[in-house]
Structure formats: C-alpha cells, structure tokens
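Open the model in your viewer and keep the sequence panel beside it.

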Amino acid sequence: MLPVSRVTRILIAGALAIFTALWTGPVLWMGVLSLRTNAEFYRDPYGLPFPAHWDKFRVAWIEFGYQTYFRNSVIVAVTAVLILIIVGSMAAFFFARYQFPLKEPLYLLIFAAIMLPPQVPLLALFQILVRYGLYNTLTGLILVYAASGLPVTLYLLRAFFAQIPQEIEEAARIEGASDWRLYWQVMFPIARPAVVAVTIINFVEFWNEFLYAVVLINEQASRTLPLGIMFFMGDREQDVGMVATGLAITILPVLVLYAFFSERITQSLAAGALGAS
C-alpha cells in the first residue's frame with residue numbers, strides 16, 4: 001500500500017464529508033419536514049420540528065391511502081424478487097454448468113435487454129397485459145418487474161455459479177445427487193452471498209420503480225408507493241408537509257433494511273462482484 005500524507009488524508013476526509021452532506025442533507029431535511037405542518041413550513045421552511053407532529057403519519061397512512069400503497073409495494077416487490085430468484089438462479093445455474101445448442105446466442109439475447117432503455121418495451125408490454133387481462137393488476141406488474149430484473153440477475157449469478165469448483169459438483173454426482181438435488185442442496189447454498197446481493201439490488205429497484213407502474217397501473221387500489229405519491233402531489237401540491245410525510249413512509253423500509261443489514265449488504269455485494277469478475 002502506498003503511503004498517504006496527512007494532508008492527503010485530510011483532503012480525502014473533507015471531500016467525503018462534503019459528499020455525504022450533499023446526499024444526506026436533503027433526506028434529513030425531508031425527515032424534519034415530515035414532522036411539521038404546512039403552516040409551520042411556510043412560516044419557517046428550515047425550522048426544527050418542535051413540536052413534532054407524529055400524528056401526520058397516521059393521517060397519511062389511513063386517510064390518504066398510504067396503507068394501500070404500502071401493501072401493494074410490499075406485495076409487488078417481494079413477490080417479484082421471489083420469482084426472480086427462483087427462476088433467475090435456476091436459469092443462471094443452467095447457463096453456467098450445462099452445454100446445449102445456441103447457449104451463448106440465447107444468453108446474449110437475454111443480456112442484450114440490459115442495453116435497452118426501459119421506455120422501449122413499454123408499448124409492447126401495455127398491449128400484452130391488456131390482451132391477457134393483466135392491465136391494472138398487481139399480477140401484471142409483478143411479472144413485468146420479474147422480467148425486467150432477469151438480465152442483471154442472470155449475469156451476476158451465472159458468473160458466480162461458473163466459479164464454483166467442478167470437484168464439488170463431481171462429488172455430489174458420485175453421492176447420487178440428481179440435477180434438482182445438486183442445485184438446491186449444494187449449489188444454491190454455496191451461491192447464497194451472490195443471491196443475497198441480487199435480492200437486495202432487485203428489491204430496492206422494484207420498491208422505487210415508477211415508469212412501469214405509471215403506465216401499467218391506472219386504478220387507485222392498485223397503486224404502489226411511488227405512484228401514489230405522484231398522484232398525491234398532483235392533488236395536494238401546496239401541502240408540502242404531508243408530501244414529505246408520504247416520502248418518509250416510502251424510504252423508511254429501505255433505511256431500516258440498510259441500518260440492520262448494512263454489513264451483510266456490503267459483504268454480499270463484494271462477494272457477488274468477486275464472483276462476477
């Protein structure tokens with residue numbers, strides 16, 4: 001490791017502090033604003049929440065429909081991730097450990113979807129969901145999310161499965177393990193760090209996704225949190241305090257996830273990156 005002077009360390013620490021402040025400042029301000037009323041905000045936009053109006057969360061949750069939006073987001077994000085992990089991990093294992101005709105062209109065709117902007121397939125997805133009665137349904141949104149996350153999942157997990165020593169597979173075969181047992185009892189547990197990394201990446205992506213939801217969901221009862229916030233801001237654009245409360249409800253699950261699992265998230269992402277290298 002190259003020696004670093006004290007001045008260099010101070011400059012690096014200062015740059016990191018500025019970067020952290022630029023990113024966390026707006027989030028902290030939003031958290032403070034979520035506990036203040038609209039009148040308090042217009043009187044003093046940057047004041048502290050004294051007193052703190054915790055009842056705003058109850059009002060947003062019950063009276064403004066965030067309870068429904070939150071439930072829909074949980075159903076969509078969790079179900080899409082489960083489908084993606086089951087289907088994507090099996091497909092990645094198949095691509096990594098088996099030989100079959102047109103293997104590489106098929107893999108490249110799936111992976112090529114990563115290069116397309118999400119706006120490109122929107123019209124086709126809209127027509128497909130309307131045709132099969134899945135428009136304005138959580139089921140249709142779940143399937144779209146699972147399909148959109150497949151290329152990245154396949155890329156990361158295939159690279160990880162390919163790094164597993166061949167001797168482990170041969171030993172399981174000698175013990176009489178079938179393909180199904182080999183995957184679920186041997187390979188999948190070994191790939192758990194990469195699976196955790198992919199799960200976290202996809203969950204955060206699906207939780208915050210807006211473009212597909214705004215095109216494929218039109219009914220209020222099926223709105224997810226990002227979509228519900230957009231319509232709430234359109235209806236009550238002057239109620240800045242309540243909008244901030246809704247945003248706080250949206251980001252709280254992600255913050256809690258990171259607060260409790262930050263070390264595991266870092267380790268899993270590092271393991272997934274090493275497997276993909």
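The tour goes from charged pairs to aromatic rings and then to pockets.

This is a predicted model, in which local features need pLDDT of at least 70 and side-chain atom pairs count only at pLDDT 80 or more, while totals for chains, interfaces and linings use all residues. Residues are numbered from 1 along each chain as its sequence is written, and side-chain values use heavy atoms, with hydrogens and water left out.

**Stop 1: salt bridges**

Select Arg-97 and Glu-169 and show their side chains. They meet in a salt bridge, 2.9 Å from N to O (a side-chain nitrogen of Lys or Arg within 4 Å of a carboxyl oxygen of Asp or Glu). This pair joins distant parts of the chain, with Arg-97 in helix H4 (residues 66-97) and Glu-169 in helix H9 (residues 166-174), 72 residues apart. Helices are DSSP runs of H or I with at least four residues, numbered from the N terminus.

Are Arg-97 and Glu-169 buried or exposed? Arg-97 counts as buried at 14% relative accessibility, and Glu-169 counts as buried at 7%. The cut-offs are under 20% relative accessible area for buried, over 50% for exposed and partly exposed in between, using a 1.4 Å probe and protein chains only.

Arg-173 is partly exposed, at 33%.

With all four residues displayed, you have a network of salt bridges linking Arg-97, Glu-169, Arg-173 and Asp-179. The structure's count of salt bridges comes to four.

**Stop 2: aromatic rings**

The structure holds 27 aromatic pairs (rings of Phe, Tyr and Trp, the last by its six-membered ring, with centres within 6.5 Å; planes under 30 degrees apart are stacked, over 60 edge-to-face and the rest tilted). Select Phe-94 and Phe-100: the ring centres are 4.8 Å apart and the planes lie at 20°, so the pair is stacked.

Next select Tyr-145 and Phe-206, a stacked pair at 5.3 Å centre to centre with 10° between the planes. Tyr-145 sits in helix H7 (residues 138-148) and Phe-206 in helix H11 (residues 192-208), 61 residues apart. Tyr-145 is buried at 1%, and Phe-206 is buried at 5%.

Arg-158 lies over the face of Tyr-107, 4.1 Å from the ring centre, and Arg-223 lies over the face of Phe-231 at 3.7 Å. Here a charge sits over a ring if NZ of Lys or CZ of Arg is within 6 Å of the ring centre and within 35 degrees of the ring normal.

**Stop 3: the largest pocket**

Select Val-144, Ala-147, Ser-148, Gly-149 and Tyr-212. Of the 29 residues lining the largest pocket, these are the closest to its centre. Which helix supplies the largest share of the lining? H7 does, with five residues. Helices that each supply at least two lining residues include H6 (122-131), H8 (150-163) and H12 (211-216).

Definitions and conventions: 1 Å grid on protein atoms, 1.4 Å probe; cavity = no way out; pocket = protein on both sides within 12 Å on 5 of 7 lines; lining within 4 Å.
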